[in-house]
Amino acid sequence: MKSRDTLIRLRRFQVDEKRRRVAQIEMMMADFNRMAAELDREVSQEEARAGISDPAHFAYPTYAHAATGRRDNMRQSAAALEGQLAEAKAELGEAFEELKKVEILEDRERSAERAAEAAREQAEMDAIGLRARA
């Protein structure tokens with residue numbers, strides 16, 4: 001029984017770790033997307049301030065050019081994390097399935113123990129009843 005309790009605690013810990021990993025990746029992706037949107041806004045403002053929106057133009061603002069590069073890098077980083085997120089979610093699903101298997105076994109074992117205890121109690125009551133009749 002103790003080994004099963006330990007196994008359940010281990011599986012729960014693993015599920016919690018996988019959940020934290022998924023949340024961490026999602027948070028990183030959201031941060032990258034938020035920063036990319038902010039850089040996009042800054043590029044638009046810089047282009048509006050300079051009056052030039054063509055990156056090939058010789059007088060295109062240097063800051064807008066650099067911010068565009070950073071924005072593209074942020075978007076690439078967020079896209080790269082999508083693969084990691086899918087993998088982390090798959091691992092979370094597997095860990096959750098393993099936890100459920102162990103919990104189901106535990107429930108079955110407890111149900112069997114309760115049934116055996118009820119049968120013992122019933123047998124004791126039957127014995128008491130038979131003695132009372134005699």
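Select Arg71 to begin: at 12% relative accessibility this residue counts as buried, where buried means under 20% relative accessible area, exposed over 50%, and partly exposed in between (1.4 Å probe, protein chains only). The model on display is predicted, so local features need pLDDT of at least 70 and side-chain atom pairs count only at pLDDT 80 or more, whereas totals for chains, interfaces and linings use all residues. Residues are numbered from 1 along each chain as its sequence is written, and side-chain values use heavy atoms, with hydrogens and water left out.

**From Arg71 to Asp40**

The side chains of Asp40 and Arg71 form a salt bridge, 2.7 Å from N to O; the term denotes a side-chain nitrogen of Lys or Arg within 4 Å of a carboxyl oxygen of Asp or Glu. Asp40 belongs to helix H1 and Arg71 to helix H2 (residues 62–133), so the pair ties together parts that are 31 residues apart in sequence. Helices here are DSSP runs (H or I, at least four residues), as strands are (E, at least two), and they are numbered from the N terminus. Asp40 itself is partly exposed, at 28% relative accessibility.

Next, select Arg75. Its side chain also meets that of Asp40 in a salt bridge, at 3.1 Å from N to O. Because Asp40 lies in H1 and Arg75 in H2, this pair joins parts that are 35 residues apart in sequence. Arg75 is partly exposed, with a relative accessible area of 40%. Now include Asp72 as well: Asp40, Arg71, Asp72 and Arg75 are linked in a network of salt bridges.

**A pair within H1**

Move to Arg20 and Glu17. These residues form a salt bridge whose closest N and O atoms are 2.4 Å apart. Both lie in helix H1 (residues 2–50), three residues apart, which is about one turn of the helix. Arg20 is partly exposed, with a relative accessible area of 45%, and Glu17 is likewise partly exposed, at 36%. In general, side chains of opposite charge can pair when their charged atoms come close. The count of salt bridges comes to 16.

**The whole of H1**

Which residues of H1 are buried? They are Ile8, Arg11, Val15, Val22, Ile25, Met29, Phe32, Ala36, Leu39, Val43, Glu46 and Glu47. What covers them includes H2. Just after H1, select Gly51, which takes a positive phi of about 80°.

**H1 against H2**

Display both helices together. Their axes come within 7 Å and cross at roughly 160°; axes are lines fitted to C-alpha atoms, for helices over the stretch in contact, with angles running from 0 to 180 degrees between N-to-C directions. That makes H1 roughly antiparallel to H2, a term for angles over 145 degrees.

**Arg70 in H2**

Finish at Arg70, which lies in helix H2 and is partly exposed at 38% relative accessibility. Leaving aside neighbours within four places in sequence, Arg70 is in contact with Leu39 and Tyr63, contact being heavy atoms within 4.5 Å.

How values were computed: Angles under 35 degrees count as roughly parallel, over 145 as roughly antiparallel, 65 to 115 as roughly perpendicular and the rest as oblique.
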